[in-house]
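I opened the notebook for one protein chain. These entries record what I looked up and what came back.

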Amino acid sequence: MAIRKSSKLPQTAVLKQILKRCSSLGKKHGFDDDDGLPLDVPKGHFPVYVGENRTRYIVPISFLTHPEFQCLLRQAEEEFGFDHDMGLTIPCEEVVFRSLTSMLR
């Protein structure tokens, strides 16, 4: 039985793909030219916007591996797509998002 290499992308590659789909994040002022992330986001994290008020949260890349968070990303793609100026917007109430992310930490 041959061992096959996993075709899964590393977490950072997945994140970069998602962020590239989100508007022109790397082109706006206040963003790092190398990776397209805002300058105030620590390495290994990315920003998302949640709720009616589009409150900004900084979440770790490790969340991308959790099925619950992946479900939120699918909902975001269905509702908003990945081509808009706001950035990655999660379609759920803030209290639900905070509850979910507190369980993932």
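Which residue in β2 stands opposite V50? I looked up the pairing, and T55 is the residue opposite V50.

**Ground rules.** I noted that this is a predicted model, where local features need pLDDT of at least 70, side-chain atom pairs count only at pLDDT 80 or more, and totals for chains, interfaces and linings use all residues. Residues are numbered from 1 along each chain as its sequence is written, and side-chain values use heavy atoms, with hydrogens and water left out.

**Elements.** I listed the helices and strands next. I took both as DSSP runs numbered from the N terminus: helices are H or I with at least four residues, strands are E with at least two. The chain has 3 helices and 3 strands. Read from the N terminus, the order is α-β-β-α-β-α.

**Sheet.** I count two strands as paired if DSSP finds at least two bridges between them. β1 and β2 run antiparallel and are joined by 6 bridges. The open sheet holds 3 strands in the order β2-β1-β3, and its pairing is mixed. β2 and β3 (89–90) are at the edges with a single partner strand each, so one side of each has no neighbour in the sheet.

**Hairpin.** I then went to the turn. The hairpin of β1 and β2 has 4 residues between its strands, and G51 takes a positive phi near 80° there. R54 is in the loop between β1 and β2. Its phi is near 55°, which is positive in a residue other than glycine.

R54 comes out partly exposed at 31%.

**Salt bridges.** My criterion was a side-chain nitrogen of Lys or Arg within 4 Å of a carboxyl oxygen of Asp or Glu. How many salt bridges does the whole structure hold? The search finds 2.

I took R56 and D40 to begin with. Their closest N and O atoms are 2.9 Å apart. R56 is in strand β2 (residues 55–60), while D40 is in the loop between α1 (11–21) and β1 (45–50), so the pair ties together parts that are 16 residues apart in sequence. R56 is partly exposed at 32% relative accessibility. D40 is exposed at 53%.

I then took R98 and E94. This salt bridge spans 3.6 Å from N to O. Both residues are in helix α3 (residues 94–104), 4 residues apart, about one turn of the helix. R98 is partly exposed at 42%. E94 counts as buried at 19%.

**T101.** I stayed in helix α3, where T101 is found.

**Cysteines.** A disulfide is a covalent bond between the sulfur atoms of two cysteines. I required the two sulfur atoms to be within 2.5 Å. The count is 0 disulfides. C71 is in no disulfide, and the nearest cysteine sulfur is that of C92, 9.9 Å away. C71 is partly exposed at 32% relative accessible area. C92 is buried at 17%.

**Whole chain.** Of the 105 residues in the chain, 38% are buried. For contacts I used heavy atoms within 4.5 Å. Among contacts with a separation of 6 or more, 50% come from residues 24 or more positions apart. For surface I used the Shrake-Rupley method with a 1.4 Å probe; for residues, only the protein chains shown count as cover. The accessible surface is about 7100 Å², and 51% of it belongs to carbon and sulfur atoms.

Note on methods: Buried < 20%, exposed > 50% of the residue type's maximum accessible area, 1.4 Å probe, protein only.
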